[in-house]
Amino acid sequence: MDVLGTILAFIGVLVVLVLVHELGHFIVAKRAGITVQEFGVGFPPRIGSVVWHGTRYSLNWIPLGGFVKMLGEDGEAEAEKMRKRGLSDAAIDKAMEGAFNRKPIWVRIVVLVAGVAMNFLLAAVLFAVALSLPGTEGRGPLTVTEIQPGSPAVAAGLEVEDVIVAADGRTFPVSRDLTAYVRSRAGHLVELTVRRAGSETVIPVTPRVLSDAEEAKGLGAVGFSYEPDRFVEVAPSVGSPVEAAWKGITAAGDLAVKIPGGLASAVAGLLGLAPDAGTAVGPIGIASETGKVLRAPLVSQLIFVGILSVNLAVLNVLPFPPLDGGRIAVTVVEAVRRRRLPAEREALVYLTGFMVLILLVILISIRDVANLIGG
């Protein structure tokens, strides 16, 4: 049931994130007078559909998000089909009045950016809601749940299920205060009082000094994950909805700025150009993390989905075909050249980009599987 619950939760999160993204494209396209041929939930084959105001709304069998299909999205492909059926140029121009590719450059760019904007907005809202809710604070001793390979924790002999009750003889009622103290002693010997198999022992360890990049990769000063003895409810960290909204937007913006660097490190690692692939994960890794988050408080779940939404926004805005950013780049190139790319060349650009993306997803997924097996 845990596996089934994880899969269903992962699919649910994926559907929400992708549909919010596509809803951005849909709303702006409609407002711009572009003919939206279909708004689909999931991917074909189709379960059923209805047509309303000229747009087909469909429910499909493959529950991996959704899509928006706009007239003229594939360039002049529809016009060429009409021409082959013998329609006159005047009739074709009439039929293509609402085509995406025949709208002004700025309109097309706004439509393409709308999906990214919606994901960013969703993240900001989720962060704001999380900040407005009562939080939880870990109290009491820390139970070690995972140890990072090659970390000071390994060298010191810490083990999973060890219970850390003090550091340098000091107890800390709030769990994060203990970890903050240990982190502040980076480069200096710290004596951890550990309860193991019913008895207490003192384990000396020297926390490592970490760079910002290493901390961003999830490395810890000592290198272990933990669970507090208990959680207690604490007051929200914001005082008003306005403050929550501002902090939500700020948090989403700060995260968005950091993602490209992490993504670059991940790609370099996957291609063997860097020591490791950072903390980037693919669908398998995200599904695994979703399973863990299911057992976390609501605040953590909201933040998790918000983080995924920002990642989706940033990924889509990168100037790489066939992502939205790549399509924007192609549109800008056409504006500079003052003529469209030949249909065959444009199709080749998108196909090449798609194949590269699939290759990266496969490489990351292989690493995800290896991490799951090794973990």
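Trainee: Let's start with M355: is it buried or exposed?

Mentor: Keep in mind that this is a predicted model. M355 is found in helix α12, which covers residues 343-374. Its relative accessible area is 53%, and the cut-off for exposed is over 50%. So M355 counts as exposed.

Trainee: How far is M355 from P321 in space, C-alpha to C-alpha?

Mentor: Along the sequence the two are 34 residues apart. In space, going from C-alpha to C-alpha, M355 and P321 are separated by 9.8 Å.

Trainee: Let me zoom out for a second. How many helices and strands does the protein chain have?

Mentor: For background, the chain has 375 residues, and 37% of them count as buried. Looking at contacts between residues at least 6 apart in sequence, 63% join residues at least 24 apart. As for the elements, the count is twelve helices and seven strands.

Trainee: Take helix α1. What span should it have, and how far apart are its end C-alpha atoms?

Mentor: Helix α1 runs over residues 2-31, which makes 30 residues. At 1.5 Å a residue it should span 44 Å. The end C-alpha atoms agree with that, at 43 Å apart.

Trainee: And which residue takes a positive phi just after α1?

Mentor: The phi there is about 80°. The residue that takes it is G33.

Trainee: Moving past α4, how far apart are the C-alpha atoms of P134 and E233?

Mentor: P134 is found in the loop between α4 and β3, and at 39% relative accessible area it is partly exposed. Not counting residues up to four places away in sequence, P134 touches E233, V234, P236 and V299. P134 and E233 are 99 residues apart along the chain, yet their C-alpha atoms are separated by 6.4 Å.

Trainee: Which residues does a cis peptide bond join?

Mentor: Look in strand β1, residues 36-52, where P45 is found. The omega of the cis bond is about 15°. The pair it joins is P44 and P45.

Trainee: Then T55: which side chain does its own side chain make a polar contact with?

Mentor: T55 is found in strand β2, and its relative accessible area is 0%, so it is buried. Leaving aside neighbours within four places in sequence, its contacts include F26, Q37 and V50. The T55 side chain also reaches the backbone oxygen of V36 at 2.8 Å. Its side-chain partner, at 2.7 Å, is K30.

Trainee: Which residues touch the most other members of the largest nonpolar core?

Mentor: That core has 17 residues. A second, separate core of 14 residues includes V15, V36, F39 and I328. In the largest core, the residues touching the most other members are L158, I164, A167, V182, L192 and V222.

Trainee: Does T179 count as buried or exposed?

Mentor: The place of T179 is in helix α6. It touches L142 and Y226, not counting residues up to four places away in sequence. Its relative accessibility is 18%, and the cut-off for buried is under 20%, so T179 counts as buried.

Trainee: Last one: what is the relative accessible area of D168?

Mentor: You'll find D168 in the loop between β4 and α6. Its phi is near 55°, a positive value in a residue other than glycine. D168 is partly exposed, and its relative accessible area is 30%.

Key
Residues are numbered from 1 along each chain as its sequence is written. This is a predicted model: local features need pLDDT of at least 70, side-chain atom pairs count only at pLDDT 80 or more; totals for chains, interfaces and linings use all residues. Side-chain values use heavy atoms; hydrogens and water are left out. Helices (H or I, at least four residues) and strands (E, at least two) are DSSP runs, numbered from the N terminus. Buried means under 20% relative accessible area, exposed over 50%, partly exposed in between (1.4 Å probe, protein chains only). A polar contact is a pair of N or O atoms within 3.5 Å; within protein, one must be able to donate a hydrogen and the other to accept it, and residues adjacent in sequence count only if both atoms are side-chain atoms. Contact means heavy atoms within 4.5 Å. A nonpolar core is a set of buried Ala, Val, Leu, Ile, Met, Phe, Trp, Tyr and Cys residues joined through side-chain atoms within 4.5 Å. The expected span of a helix is 1.5 Å times one less than its number of residues.
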